[in-house]
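Hello,

Here is the model I said I would pass on. My notes follow below it.

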Amino acid sequence: MRRSQRSEPGEPADFDDHRPRPEGNLPAELNAFVGRAAELAEVEGLLAEARLVTLVGVGGVGKSRLALRAAATGQRSFRDGAWLLELSAVRDPGLVAYALVEALDLTDHTGRAPREVLLEQLAGRQLLLVLDGFEHLVDTCAPLVRELLRSCPGLRVLAAGRRPLTVEGERTLTLGPLPASDAARLLTERAAAGSSGFALGAANEADVLEVCERLDGIPLAVELAAGRLGALSPAQLLARLDDRFRLLTGGSRGALPRHQTLRTAIGWSHELCRPAERLLWARLSVFSGQFDLEAAEYVCGGHGIDAEDVLDVLGALIEQSVVVREDAAAGARYRMLDTVRAYGQEWLEAAGDGARMRRRHRDWYMGLATWCELDWFSPRQAEVAARVESELPNLRLALEYCLTEPDEAHLGQYLAGTLWFYWVGCGRLSEGRHWLDRSVELDGDSDEADEYTESRLKALWVLGYVAILQGDTVGALAALQECRDEADRTGNAVAAAYAVHRTGCLALVSDDMERAEQHLRDALARYREVGELNSNVLMGQVELAMSLVFQGDLVSALALCEEVDEICSEHGESWTRAYALYVLAYAAWTRGEHGRARELLRECIAIDHAFHDLVGLVLSIELLALVTASEGDPAEAAVLQGAASPVWESVGLPLFGSGYFSAPRALCEQQAGELLGRERYEKCVQEGRRLTLDEAVDRALAVRVRRHTAPGPGRIAPPRPAPEGADMRKPAGSPTKNGGEAAG
């Protein structure tokens, strides 16, 4: 988490002088960048002149690496950093805008289309977007880039692909092969970094240069060749390579087209693999993006490769640069470069094994999602969140398979519903809505087999949950009513409980507190009857507490939340617990226990920020502002209010348009404004608005009260906890992470 320097409240911070520049999401380089000095300078020059620069060239020529190096070199010229969007793992054109929202870390809890979110949130930003691997989605990417460039004057795009985007104002740079000397240096450095201990010398220099010439200086082909120098000398490697090229050119030494040169080099590398390595190469092509060892063992093991042998064969492919190992938050991960993966896919289909491998891939990720849902209610919540985040490209691929293959719709509904905890709890409402809508549209036949009906019911109540959090009352009602009716018809008590629960949640955010209480009590009784206990059930208890708070029954609400806190602590559950702590903090503030309220809110903020739960986070910051004002620091309270404002833009209607939730903010604004004067109050608010999300969290966690005295002119007295006509749109949807584990 980046830490910011703190200025005095009311004194605007100069971004250029006092704040570290955001670094974006560019990956660290794993090995040395070789050559390309002239091209790098040309890219930098083009970016200074044009807002869209596209690097084009054949596969494997180094477009992505050059784009990333140019972005890393120039990112400090952009106030809001440089950001990478890799599209090679995105197959569905409808997910391009979602992928960009995700890459830019622009979490949005509203029901707005992702394109609208991008246009709004990028309008005032200065950043460089690196768009890599877009060629298979050019018809979607080109109009999106055009619209963003027209509407966002601070945006520049550096694209890398095999063809231009063909957008007005685009400048292109065609990337050619490496010069012989640079290619030789690349081969030498990569071979020396491997296990061969290779060194360039007078005895092998001529052969090395000849190898690079035969490979046309294409970096990927050179790196594949370097992976062979552990077993072959440069002379042996050259002889084998020459044999392959002569076969393709009829014995002529004439050069092949570059795309054929790369394909030839990949095919040659493929031929040199042992049978088990070629088989694993083909099977690994079924993955999208990164994968881990366990997935490879399950999906690719059997029928020619024992699962216990996958690790050794995978290691051999890594040594040969066919597979790349990367370290991630979830542990060691592996991936194949697109060109290498495409070659493997051709072999997989030629062997007639593609359909079986795609089914095994689907089965693995269905199982992974099921395990993660169950493990969400445990001390491993953070691990689960990181795991699903890293597996998202493969989960998308599994969802797409289920929703496009005949007779697989029920599995798509199950998978989309099972990932409720990720859609709701990790800031992915929009994408979750995309998959849930698609899944329930496929089939509405109520006369299906039970397993089909259960999957659909789960997708329906999760869809209702997501729609509530997005403020889509009509969509939520439709989904929940269908779920309730069908659950009653089929006798599915678990699905009925979730439907009743979410109907109560909808009443809660609609300011109908009596009805919310009625439904939530009913749902909790149903959960007890069927033995259901998980994050979703406990969130229902917190939501019931909220309805009671807003009806003035603070004692009962506290008892409910203290019980939730205890159960969550026993199970190691953090996300739902943060919402219980929020209610407890509110209660502490009403009793004048400001220190206790601050302590609880700090814990809420830390948890919510870790899960990227913007709803819980912004509510906690709003309440912390009131606590801060009550402690005697109205200036810092105004800064915190300002910091909360941009977050609400990502969540939706500020404070849900609720009288209940708006009361603390209105009170804080009124009294802080009176104490500071309107002009200074507004300066403090603007200072808070300039904070990034990380800086706002750091500020909230680190703030120290300037004046901590007895009640007087600088302190704010607590208002009544339940103003008339209030609305609460938060805990009900408390949005972010609690949905129903193994529900119908």
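Second largest pocket

The second largest pocket holds about 240 Å³ of space. A pocket here is an open set of points on a 1 Å grid over the protein atoms alone, where a 1.4 Å probe fits, with protein on both sides within 12 Å along at least five of seven lines; lining residues have an atom within 4 Å of a point. Points are joined across faces, edges and corners, and the volume is the space filled by probe spheres set on them.

This is a predicted model, with local features needing pLDDT of at least 70 and side-chain atom pairs pLDDT 80 or more, while totals for chains, interfaces and linings use all residues. Residues are numbered from 1 along each chain as its sequence is written, and side-chain values use heavy atoms, without hydrogens and water.

Of the 16 lining residues, Arg-91, Val-286, Gln-345, Arg-358 and Leu-397 lie nearest the centre. Helix H17 (381-404) is among the elements that supply at least two lining residues, and H17 gives the largest share, 5 residues. Helices (H or I, at least four residues) and strands (E, at least two) are DSSP runs, numbered from the N terminus.

Strand E4 and its neighbours

In E4, 6 of the 7 residues are buried, meaning under 20% relative accessible area (1.4 Å probe, protein chains only). E4 runs parallel to E1, with 5 bridges, and parallel to E3, with 6 bridges. Strands pair if DSSP finds at least two bridges between them. Val-56 has Gly-161 of E4 as its bridge partner, and Asp-132 stands opposite Ala-160.

Regards

Notes. Buried means under 20% relative accessible area, exposed over 50%, partly exposed in between (1.4 Å probe, protein chains only).
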